[in-house]
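Work through the exercises below with the sequence and the model at hand. Try each task before reading its solution.

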Amino acid sequence: QVQLVESGGGLVQAGGSMRLSCTASRSIFTINAMGWYRQAPGKQRELVAIFSSGSTTNYADSVKGRFTISRDDAKNTVYLQMNSLKPEDTAVYYCNAVRLDRDYWGQGTQVTVSS
């Protein structure tokens, strides 16, 4: 089992930056994929950014050039650096991990972007 804990959410003004962190309970070397999803009120959860097998990264078109996913293996942590934030980025952001074809989710962290 993989336990995930997110941190770094909060309120930020449009155009600002924020970094989210997701720390796993075990070495991320044993995890097949890790990434970030988000869900706005009344909308479906959507992929934001992800590391897949081989450390390949993928981003949603809406965040390309603004968001960067990275990781620190020594800390068992994946980060999401969010720059040039827009009000439409407001959502609950969830950390996700896949191991042995099973999904694990963090509790989510609220990101609110104000004008």
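**Exercise 1. The disulfide**

Task: What is the torsion about the S-S bond of C22 and C95, and is the disulfide left-handed or right-handed?

Solution. Start with the ground rules. This is a predicted model, in which local features need pLDDT of at least 70 and side-chain atom pairs count only at pLDDT 80 or more, while totals for chains, interfaces and linings use all residues. Residues are numbered from 1 along each chain as its sequence is written, and side-chain values use heavy atoms, with hydrogens and water left out.

Step 1: find the bond. A disulfide is a pair of cysteine sulfur atoms within 2.5 Å. The count by this rule is one disulfide. The sulfur atoms of C22 and C95 are 1.9 Å apart.

Step 2: read the torsion. The torsion about this S-S bond is about -80 degrees, so the disulfide is left-handed.

Step 3: C22 belongs to strand 3 and C95 to strand 9 (residues 91–99), 73 residues apart, so the pair links distant parts of the chain. Strands here are DSSP runs (E, at least two residues), numbered from the N terminus.

Step 4: check the surroundings. C22 and C95 are both buried, where buried means under 20% relative accessible area, exposed over 50%, and partly exposed in between (1.4 Å probe, protein chains only).

**Exercise 2. Strand 11 and its partners**

Task: Which side chains of strand 11 are buried, and which strands pair with strand 11?

Solution. Step 1: follow the side chains. They alternate along strand 11.

Step 1: list the partners. Strand 2 (residues 10–13) pairs with strand 11 in the parallel sense over four bridges. Strand 9 pairs with strand 11 in the antiparallel sense over three bridges.

**Exercise 3. The core**

Task: How many residues does the largest nonpolar core have, and which have the most contacts inside it?

Solution. Step 1: define it. A nonpolar core is a set of buried Ala, Val, Leu, Ile, Met, Phe, Trp, Tyr and Cys residues joined through side-chain atoms within 4.5 Å.

Step 1: The largest core has 29 residues, and L4, M34, W36, L80, M82 and Y93 have the most contacts inside it. Elements that give two or more residues to this core include strand 5 (46–51), strand 8 (77–82) and strand 11 (109–114).

Step 2: look around M82. Contact means heavy atoms within 4.5 Å. Beyond its neighbours within four places in sequence, M82 touches G16, L20, F67, Y93 and V111, among others.

**Exercise 4. A buried arginine**

Task: Is R38 buried or exposed, and which side chains make polar contacts with its side chain?

Solution. Step 1: locate R38. It sits in strand 4 (residues 33–39).

Step 1: judge the burial. R38 has 6% relative accessibility, so it counts as buried.

Step 2: find the polar contacts. These are pairs of N or O atoms within 3.5 Å; within protein, one must be able to donate a hydrogen and the other to accept it, and residues adjacent in sequence count only if both atoms are side-chain atoms. The side chain of R38 meets that of S62 at 3.4 Å and that of Y93 at 2.9 Å.

Terms used. Pairing = 2+ DSSP bridges.
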